[in-house]
Structure formats: structure tokens, C-alpha cells
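Hello,

Here is the structure I promised to pass on to you. Could you have a look at it before reading my notes below?

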Amino acid sequence: MYGCNLFMWKKTRINYNFIFEFFPTTALKYRDAFLICTTFMTAVVAAMVLHIILRASGFSPSQVDAIPGLLLMVFIVFLVSPFDIFYRPTRYCFIRVIRNIICSPFYKVLMVDFFMADQLTSQGLNVVLRVTWVETVMGFRIGVVESRLVDFLLASLEVIRRGHWNFYRIENEHLCFKTNSVL
């Protein structure tokens, strides 16, 4: 979703580097964001396929069920890696923003901190709350597989809705800044 936001901000000439106070030389471009997401999702799908193959081959469930934990450990080690590979300035900026979110009473909250906190809060919590609300109101009583498909579709639509909302909010911030700087 962030890659889509970057793409649309670039297309509409919104100066997101200025709004988020990013350095233009180290800021992610939309293609970079898509590359990172594609790489991570390919690793996740590969781990899922490996998990299924090993379970079907008769390996011990306790050994096979460690694969998601190992993948998470690899991602965390990769995130904090000090080597200058795979967008180190961006990774460190992400760690700094997460630190600012966790310790927000002690740090000045910037637009990038607010945006990231809003994304993280609204993506995992809002989706769960809305899907739960829809299912309780509508009273879906369908099979297990169909119910999960409905949950997935509703969650996907919610993520897209939040992405649109964030795009328009940033566009508004950009326009308000332009108006205030002209006055």
C-alpha cells in the first residue's frame, strides 16, 4: 500500500519527501517499495510452501512449525543489520520511527511518525474490528473455507480504503502547506 501511495504522490506531484522530512537521496521510490514488498512476500510464500511440503512428507510438526518463527527471526536480523545492503538508511529510518512511536511522550512527533503510527494501528486493529462487526451484523453462516475467503476479501477492501484515505490526507497536508507558505 505504501508503494501505491508513493506512486500516486509522485504522479500528482505531491512533495512527500518534504512532508515526511525525508532526504531525497535516501528516500524510497515507489519501485523500491514494490521491490521490498515483493521480496518479503516471496520469502513468506516460499516458507508457506516449504511448510506444506514438509508436513505432507511426514516431518515432525514441532520441527516444521518452527519455520514461521525462523522467518520472523531472519526478517528482524535483516532489519537491524548494520551492513549497507538493501536500503540501510530506510531500514534505520523505520527503526527510528518505531522508536519514536513507542516512546512518543518523550520525543517530538513528526508527520512521518504520525503517518506510520496511523498505518500500523489502523491496518492490524481496524481490519479485525470491521470484519468482526460485519460478521456479527450480517450473521454469515457459511463453510469454513468460504468464511475465510469473505474475511480475506473484507480485510483487503479495508486496507485499500485506508490507503486511499491516507493518500487524500497527505494531499491535503501538501495543499495546506502550499496555501500557508503563499500567505
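Predicted model: local features only at pLDDT ≥ 70, side-chain atom pairs only at ≥ 80, totals over all residues.

Residues are numbered from 1 along each chain as its sequence is written, and side-chain values use heavy atoms, with hydrogens and water left out.

Let me begin with the charge pairs. Side chains of opposite charge can pair when their charged atoms come close. The structure holds two salt bridges, a salt bridge being a side-chain nitrogen of Lys or Arg within 4 Å of a carboxyl oxygen of Asp or Glu. In one of them, Arg 55 pairs with Asp 65, with the closest N and O atoms 3.3 Å apart. Arg 55 belongs to helix H3 (residues 30-56) and Asp 65 to the loop between H4 and helix H5 (67-80), so this pair ties together parts that are ten residues apart in sequence. Helices here are DSSP runs of H or I with at least four residues, numbered from the N terminus. Arg 55 is partly exposed at 40% relative accessible area, and Asp 65 is partly exposed at 41%. For these words, buried means under 20% relative accessible area, exposed over 50%, and partly exposed in between, with a 1.4 Å probe and protein chains only.

The other salt bridge joins Arg 88 and Asp 84, whose closest N and O atoms are 3.9 Å apart. Arg 88 is partly exposed at 29% relative accessibility, whereas Asp 84 is exposed at 56%.

Helix H4 (residues 61-64) contains Pro 61, which is partly exposed at 41% relative accessibility. The C-alpha atoms of Pro 61 and His 51 are 9.5 Å apart, and the two residues are ten positions apart along the chain.

Next, the annotation. An unreviewed UniProt entry places the feature "transmembrane region" at residues 33-54 and 66-87; such positions are given in the numbering used here, feature names are shortened, and annotations may be inferred rather than shown by experiment. In the model, residues 33-54 are 100% helix and 0% strand, with the end C-alpha atoms 32 Å apart. Residues 66-87 are 64% helix and 0% strand, and their end C-alpha atoms lie 28 Å apart.

Best wishes

Methods: Helix = DSSP H or I, 4+ residues; strand = E, 2+ residues; numbered from the N terminus.
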